[in-house]
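Hi everyone, thanks for coming. Let me put the model up on the screen, and then we can walk through it together.

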Amino acid sequence: MAEGLRFLPAGSDAFLVELDDLCRTLTLLDGLLAARPAGVIDLVPAARTLMVRFDPFVTDQAHLVALISGIDLSVRSTRQGQTFEIPVAYDGEDLVDVAEIFGWKVEELIRRHADAMYTVAFTGFAPGFAYLTCDDPAFDVPRRKKPRLRIPAGSVALGGKFGGVYPADSPGGWQLLGRTPLKMWDGSRPRAALLAPGDRVRFREIAKGAVVPVAISLEKQSDTAGPTAGLVVTRADRPALYQDLGRPGRADQGVTGSGALDRRSLKSANLCVGNPCHAAAIEITFGGFGLKADRPVTLAVTGAPVQLVIHAADGCIVPAPFGRPFALDAGDDLTLGLPPEGMRSYLALRGGFAVESLLGSASSDTLARIGPAPIAMGDLLVPANQPAAAVDPFRSVQVSLPKAGGTVTLDVVLGPRTDWFTDKGIETLLFQEWQVTAESSRVGMRLAGAEPVERRNATELPSEGTTLGSIQVPHSGQPVLFLADHPLTGGYPVIGVVARHHLDLAGQIPIGANIRFNAVVAFDPLIRETNG
């Protein structure tokens, strides 16, 4: 029987297993991968934890906790892989600060970083991001108190006891030492991620701007020209995105689920036009979108309510119904106005859109930079002409959505890291209004409150898995609510997770709206320990 395990709640359909060290964590991971329990969607390993995401319609927490508690962890896993040399120009923004933290000169920091041997323990955060352990125990540096909004691709960084290389531009809180020209993630390679668990890495110093000979990666080339016919995008105030139900079960490649932020509205739009509920539609943020049909088509728009106007080819101007199917003839123009409430509308086409799928999904993941490119004015939307069922002529049920300046209540499951916060900090989270700031995106909503959430524990939290709806609290005490394109792992404590039934609502909260959090219990309370 596994001993010394701690089980912590992480929302309605996930929990963390906390272990003594990385070795036991990887041993548990390998045991579950060898005999994967029914209903387990994703396993996300980290420094001392394993996040288990499951389908509550197939299994439950109690069954999985009992199963995991019975796994023998006495025989440790061993992993071996390839050895890589990564060239680095040591010109990072935090190079001097990190040297001061260690009490070293910059030259000594560079020398020791380049002399050390690193091993890939696990992947996460984003596709191609590998967490590297180091054979030099001195490398243990705190993360930044306030994460950066953008860290450039190729940045070589330190966070806690781990090293890593950012595979794409993304927010992050690690300390930056330099940059490498190597691609850490390339979808055209047989193995998209350069590094995999068990691989070993050495860093080699190069001059800034040096030309480094690397293996040429053949980018995917199309044998034909781009589409020449389709619906023409005539207006796109902001880039629109193809979205479906996402990529669940891809955590082993460092890929989060992504997908539509309001899944109920996506499904509703598809059902209106007779598509499968999982078909890709277009997610439009704050309206301001238009298209011109080159053929007769049937469409539907749901989600954030917008005024729909058809400028017909014969010169007539007529309204189109929201939440119901409607037809366009060749030459007709459709425009979407601005929503008075909510944030995201969903445009579905009967028969679907002809859009490329990657890892089983056509969703655009804005953090990982995978999936179709954003849709801009002048683009062509090509019908897929897939078989479709009968259209649903009845209006979809429209729910009231949040407005800027208004207040919305979200149910949250407290945990997994409530013990990192004082009683006052938890009260602040639950009894104070939090405003959604302009620094918000599909990755997450940055919230601002009059009082910061007070932490009990000011030490560094080893990186661990996160899930959709996680409320992460950095050192500033101002929370970040993770949305669909969130990082797979994070290094700040999660005080709670939005309950499953309010995730769609969270995806419709606009900038300037206020949030109140209401604590609820999902299934049985889950804070358990196994002790020998």
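**A walk through the model**

Let's start with helix 2, residues 61-69, whose buried residues are Q61, L64, V65, I68 and S69. They sit on the same side of helix 2, because they cover an arc of only 130° around the axis. That arc is taken from the directions that run from the helix axis to the C-beta atoms. As a reminder, an α-helix has 3.6 residues a turn, so residues three or four places apart point the same way. "Buried" here is under 20% relative accessible area, "exposed" is over 50%, and "partly exposed" is in between, with a 1.4 Å probe and protein chains only. Helices (H or I, at least four residues) and strands (E, at least two) are DSSP runs, numbered from the N terminus.

What caps the N-terminal end of helix 2? D60 does, with a side-chain oxygen 3.3 Å from the backbone nitrogen of A62. For polar contacts like this, the rule is a pair of N or O atoms within 3.5 Å; within protein, one must be able to donate a hydrogen and the other to accept it, and residues adjacent in sequence count only if both atoms are side-chain atoms.

Some housekeeping before we go on. This is a predicted model, where local features need pLDDT of at least 70 and side-chain atom pairs count only at pLDDT 80 or more, while totals for chains, interfaces and linings use all residues. Residues are numbered from 1 along each chain as its sequence is written, and side-chain values use heavy atoms, with hydrogens and water left out.

How confident is the predictor? The mean pLDDT of the protein chain is 91, and 94% of its residues reach 70 or more; pLDDT is the predictor's confidence in each residue, from 0 to 100. Over residues 214-224, though, pLDDT stays under 50, and the model has ten contacts for them beyond four places in sequence. A contact is heavy atoms within 4.5 Å. Where pLDDT is low, the predicted coordinates should not be read in detail.

A hairpin of three residues leads from strand 3 to strand 4, and strand 3 pairs with strand 4 (residues 49-54) in the antiparallel sense over five bridges. Pairing requires that DSSP finds at least two bridges between two strands. Within this pair, L43 has V52 as its bridge partner.

Strand 18 (residues 297-303) joins strand 21 over three antiparallel bridges, and V297 stands opposite L328 in strand 21.

Two loop residues around here deserve a look. N275 is in the loop between helix 5 and strand 16. Is N275 buried or exposed? At 6% relative accessibility, N275 counts as buried. The N275 side chain reaches the backbone oxygen of L349 at 2.8 Å.

D329, in the loop between strand 21 and strand 22 (333-336), is partly exposed, at 47% relative accessible area. Beyond its neighbours within four places in sequence, D329 is in contact with A293, R295 and P296.

Last stop: a closed barrel of seven strands, running 25-32-29-30-27-26-33 with mixed pairing. Its neighbouring strands are turned by 40° against each other on average, direction ignored. Helix 6 packs on this sheet, touching strand 25, strand 26, strand 29, strand 32 and strand 33, and its direction makes about 120° with that of strand 33. In helix 6 (residues 423-431), the buried residues include G425, I426 and T428.

Key. Axes are lines fitted to C-alpha atoms, for helices over the stretch in contact, and angles run from 0 to 180 degrees between N-to-C directions.
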